[in-house]
Amino acid sequence: MKRFFAAILALMILSLTACGGSAGSGSGSSSGSAGTSAPSTDEPGGDGEWGEAENTWLSCISSNLLDGEHPFYQAQVFFDQCLREETNNKYGLDIYVGGQLGSDSEMVEGCLNGTYEFVLNSSGLFANISEDFNIFDLPYLFSSNEHAYAVMDGEIGQNALKSLENYGMVGLAYGESGFRNITSSFQINGPEDMKGMKLRTMDVPMHIEFFNLVGANATPMAMTEVFTSLQQGTIDGHENLSMGILSNRIYEVNPFVTVSEHIYTPIVYAMNADYFNSLPQEDQDAIRRAAVRSVEMQRPDAQRQNEKALEIMEQDYGVTISRVDKTPFMEVADAMYANHPEYSDLVSQIRAMDPAQ
């Protein structure tokens, strides 16, 4: 693992400030050769020194393509802040953005096999490891953010996190990505408008199945390829959280956004199990506390960002925002549930947990 730290720090592209929550580009340093690089002794923020021998950088990767305001990025900012506070600056995150370390699936795989200590990504990517996460990718399962929180923080969500331990990872907490919407090069009013539409989805079986049932041609694709594929007409649209649509400038090639809110996606905070279990118990406990504290800040911030993103796209970039009747889409979701009786009990439990009922 020490060898990994030396090599990966040579690639460092961004260090986050502690306590202040703002990003400082280039605050790490590298000699340019693996085995000799080390974090800068400049303090990244706050009151404490950073860069002493006992300090530990956790390599952190996520699927967001841009730094700055974005639910994924802010999740890392808040976790970094809380991690340093809980461990008295013993641990901090070495954060990579821009998709430079691989696709979403490769990022999760890298944490699973020990290439990275920590990963933050959509729950759907973890469903490829543990089937317990499939429940979060069923369409129209959650009626609100609060409904999702009740499930994530309750027995169902915590059991899913714990299931990762069977596969070499440790699940820490759930942040919020948010409800996902559809972008397109033409206006969509209902499922009938999506017949034959080439739609990019994440490489998540439940997402693919749902959109194929809607009538679209679901096309799994790394987010790094989406803008160019839309520009070239390889695909007609994609689905994403609102802030993801804005931050990736999808509005430049897809001027229509359909507020379908078809799937609510949590963000999973996870660590490589071998690395996590090698740490002293007090450090493990501090890391867990930091993750829980950080999501308490991140979730309301993600809600704010996603709501604001729709306003910005409509007012500043002339995007057509269609708030459609979701009933026809929900009927497709019901048909999908009929194909998966193995989830019927869990679906009933989750719907009964809706605080609005």
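Cysteine 82 is buried, with a relative accessibility of 0%. Cysteine 111 is likewise buried, and its relative accessible area is 0%. In this predicted model, a search of the whole structure finds zero disulfides. A disulfide is a covalent bond between the sulfur atoms of two cysteines.

The chain as a whole gives the setting. It has 357 residues, of which 58% count as buried, and its secondary structure consists of 13 helices and 12 strands. Contacts between residues at least 6 apart in sequence can be sorted by separation: 73% of them join residues at least 24 apart.

Two helix pairs can be followed in some detail. Two packed helices are described by the angle between their axes and the distance between the axes. Helix α2 covers residues 71-86 and helix α11 covers residues 281-317; their axes come within 8 Å and cross at roughly 150°. Because of that angle, α2 is roughly antiparallel to α11. The crossing of the two helices is right-handed. Sorted by class, the residues in the contact of α2 with α11 are 12 nonpolar, six polar and five charged.

The loop that runs between α2 and β4 (91-96) contains asparagine 88, and asparagine 89 is found in that loop between α2 and β4 too. Most residues other than glycine have a negative phi, and most peptide bonds are trans. Asparagine 88 has a positive phi, near 55°, and asparagine 89 also has a positive value, near 65°.

An α-helix has 3.6 residues a turn, so residues three or four places apart point the same way. Just after α7 comes glycine 215, with a positive phi of about 120°.

The axes of α7 and α12 come within 10 Å and cross at roughly 120°. That angle makes α7 oblique to α12. The crossing of α7 and α12 is right-handed. On the α7 side, the residues that meet α12 are Met206, Glu209, Phe210, Leu213 and Val214; on the α12 side they are Phe329, Val332, Ala333 and Met336. The contact of α7 with α12 divides into eight nonpolar residues, no polar residues and one charged residue.

Tyrosine 264 is found in strand β11, which covers residues 264-272, and is buried, with a relative accessible area of 2%. Leaving out residues up to four places away in sequence, tyrosine 264 touches Phe136, Phe142, Asn145, Ala148, Tyr149, Met152, Glu176, Gly178 and Phe179. Serine 144 lies 120 residues from tyrosine 264 along the chain, and the C-alpha atoms of the two are separated by 8.6 Å.

Note on methods
Residues are numbered from 1 along each chain as its sequence is written. This is a predicted model: local features need pLDDT of at least 70, side-chain atom pairs count only at pLDDT 80 or more; totals for chains, interfaces and linings use all residues. Side-chain values use heavy atoms; hydrogens and water are left out. Axes are lines fitted to C-alpha atoms, for helices over the stretch in contact, and angles run from 0 to 180 degrees between N-to-C directions. Helices (H or I, at least four residues) and strands (E, at least two) are DSSP runs, numbered from the N terminus. Angles under 35 degrees count as roughly parallel, over 145 as roughly antiparallel, 65 to 115 as roughly perpendicular and the rest as oblique. A crossing is left-handed if the near helix is turned anticlockwise from the far one by less than a right angle, and right-handed if clockwise. Ala, Val, Leu, Ile, Met, Phe, Trp, Tyr, Cys and Pro count as nonpolar, Asp, Glu, Lys and Arg as charged, and the others, Gly among them, as polar. A disulfide is a pair of cysteine sulfur atoms within 2.5 Å. Buried means under 20% relative accessible area, exposed over 50%, partly exposed in between (1.4 Å probe, protein chains only). Contact means heavy atoms within 4.5 Å.
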